[in-house]
Amino acid sequence: MHELAIAQSIFDTVIREKRARDLDAVDKVGLRIGVLSDVLPDALTFSFDVICQDSELGGCRLDIESVPLTLTCNKCGLSSTTDQVTFLCPSCGDPSVRVDGGFELDIAYIEVPDPLSTDAALQRPAPAES
Amino acid sequence: MAEKIEVKKKVLSENDRLAADIRTSLKEREIVALNFVSSPGSGKTSLLERTLEALGSELRIAMIAGDVQTENDADRLVRAGGERVKPLVTGGSCHLDARMITGVLSDMDIEDVELLIIENVGNLVCPSGFDLGEDMKVVLISTTEGDDKPLKYPAMFRRSSVMVINKVDLLGTSDFDVETVRRNALSINPDLKIFEVSCRSGFGLDAWYAWLRELVSERTPAALVES
Ligand SMILES: Nc1nc2c(ncn2[C@@H]2O[C@H](COP(=O)(O)OP(=O)(O)O)[C@@H](O)[C@H]2O)c(=O)[nH]1
Ligand SMILES: [Mg+2]
Ligand SMILES: [Zn+2]
């Protein structure tokens, strides 16, 4: 269950981004997860929900994009993409391939709610009178 | 409309950063670092015990014994003659991470160490993405496990540089086939260096020790030339 540790890293990173950019709220986090990253999306989503509860990211959702394995053959040069976990060139069958994609565990984007339609905006206190 | 803000950050960037610091500080001291990974019970601690018994007086070896709950493995390594052994109890975490290693190294005297071996938590999934600053991962598989393990845990076998097939004294008592496991592992990672050993009978261990000696000696001359 390393998904809990990974969810915590995502949470920490998003909080840092949110504060650095002075955002009121973040309601979605886009992830790119390679087929070789050994992360279970359901377990990750569950862990993330638990961590976000009662925090300034309460209600924030994950949008997980699965990234296929991308190989470049060292022999014939073919670049190929597969959802299977195989390290053989589909063209010449050679096992000597470079992995160009599939190990990703990246935060691609964060999404900020529409300022006019969110609860966060409605509940925001009016600016203090000066 | 909701607004999307591009971030493009690695989730484990903080761990990667700490691991890079560890790698730099080990390199400065010319320390070779290995990260041992396997399922529980494949024989990581046993191989480290044999290694200490055989090389402990010849090489300056430090070990960090990761475990979820106990310090038993570290105690075994001390009994095997280890002079620089630290337990690393994760208290539940299924993998070691770079922060834990930084913490242990900070109260370890590694100045003159030549070889650092980290025994990770017994698990072929969770530790694979967490860089500890090692030079290479060594993955163990024993003959009492399935010979299709490399296919079931491809990320770990792809990220490892060495595979040790342990418990060959038990070959023939199960369906485990050495040729099959070699073929499966090499289909995931054709660059794997493979050893076949028995920590019980001692079979194959001389080749393992010779490789470790070579690994260490390839390191140190660079320091001598430089200074
Ligand atoms: N028959 C046999 N048993 C072994 C061998 N190596 C280790 N064992 C046994 O396997 C069990 C698990 O070994 P251990 O080193 O604790 O594995 P670890 O969990 O990977 O650290 C112990 O009971 C060892 O005595 C071997 O080469 N042959
Ligand atoms: Mg052990
Ligand atoms: Zn090819």
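Start in chain B by selecting Phe36(B), Phe195(B), Trp208(B) and Trp211(B), which ring pairs link into a cluster. The model in the viewer is a predicted one. Counted over all chains, the structure holds four aromatic pairs.

Colour by secondary structure to see where each partner sits: Phe36(B) is in strand β2 (residues 32-37) of chain B, and Trp208(B) is in helix α8 (residues 205-226) of chain B. The pair therefore ties together parts that are 172 residues apart in sequence.

Next, step back along chain B to Glu30(B), in the loop between α1 (13-28) and β2. Check its backbone angles: phi is positive, about 55°, although Glu30(B) is not a glycine. Most residues other than glycine have a negative phi. Glu30(B) has a relative accessibility of 17% and so counts as buried.

Select ligand 1 next. Which residues are closest to it? They are Gly41(B), Lys44(B), Thr45(B), Ser46(B) and Asp169(B), out of 17 residues that surround the ligand. By class, this shell is made up of three nonpolar, eight polar and six charged residues. Helix α2 (residues 44-55) of chain B supplies the largest share of the shell, three residues.

- Thr45(B): an N or O atom of its side chain is 2.8 Å from an oxygen atom of ligand 1.
- Arg76(B): an N or O atom of its side chain is 2.9 Å from an oxygen atom of ligand 1.
- Asn166(B): a polar side-chain atom is 3.1 Å from a nitrogen atom of ligand 1.

Taken alone, ligand 1 exposes 580 Å², and the protein buries 76% of that area.

Stay in chain B and select Thr102(B), which belongs to helix α4 (residues 98-106). What does its side chain reach? The side chain of Thr102(B) comes to 2.8 Å from the backbone oxygen of Ala98(B). With a relative accessible area of 33%, Thr102(B) is partly exposed.

The charged end of Lys4(B) sits over the ring of Tyr109(A), at 4.3 Å from the ring centre.

Continue into chain A. Its secondary structure consists of three helices and six strands, and reading along the sequence gives the pattern α-β-α-β-β-β-β-β-α. Chain A has 130 residues, of which 45% count as buried.

The last stop is Asp54(A), in the loop between α2 (41-52) and β2 (61-67) of chain A. Asp54(A) is not a glycine, yet its phi is positive, about 60°. Is Asp54(A) buried or exposed? Its relative accessibility is 82%, so Asp54(A) counts as exposed.

Technical notes. Residues are numbered from 1 along each chain as its sequence is written. Chains are lettered from A and ligands numbered from 1 in the order in which they are written. This is a predicted model: local features need pLDDT of at least 70, side-chain atom pairs count only at pLDDT 80 or more; totals for chains, interfaces and linings use all residues. Side-chain values use heavy atoms; hydrogens and water are left out. A residue is near a molecule or strand if one of its heavy atoms lies within 4 Å of it. A polar contact is a pair of N or O atoms within 3.5 Å; within protein, one must be able to donate a hydrogen and the other to accept it, and residues adjacent in sequence count only if both atoms are side-chain atoms. Accessible areas come from the Shrake-Rupley method with a 1.4 Å probe; for residues, only the protein chains shown count as cover. Helices (H or I, at least four residues) and strands (E, at least two) are DSSP runs, numbered from the N terminus. Ala, Val, Leu, Ile, Met, Phe, Trp, Tyr, Cys and Pro count as nonpolar, Asp, Glu, Lys and Arg as charged, and the others, Gly among them, as polar. Rings of Phe, Tyr and Trp (its six-membered ring) pair if their centres lie within 6.5 Å; planes under 30 degrees apart count as stacked, over 60 as edge-to-face and the rest as tilted. A charge sits over a ring if NZ of Lys or CZ of Arg is within 6 Å of the ring centre and within 35 degrees of the ring normal. Buried means under 20% relative accessible area, exposed over 50%, partly exposed in between (1.4 Å probe, protein chains only).
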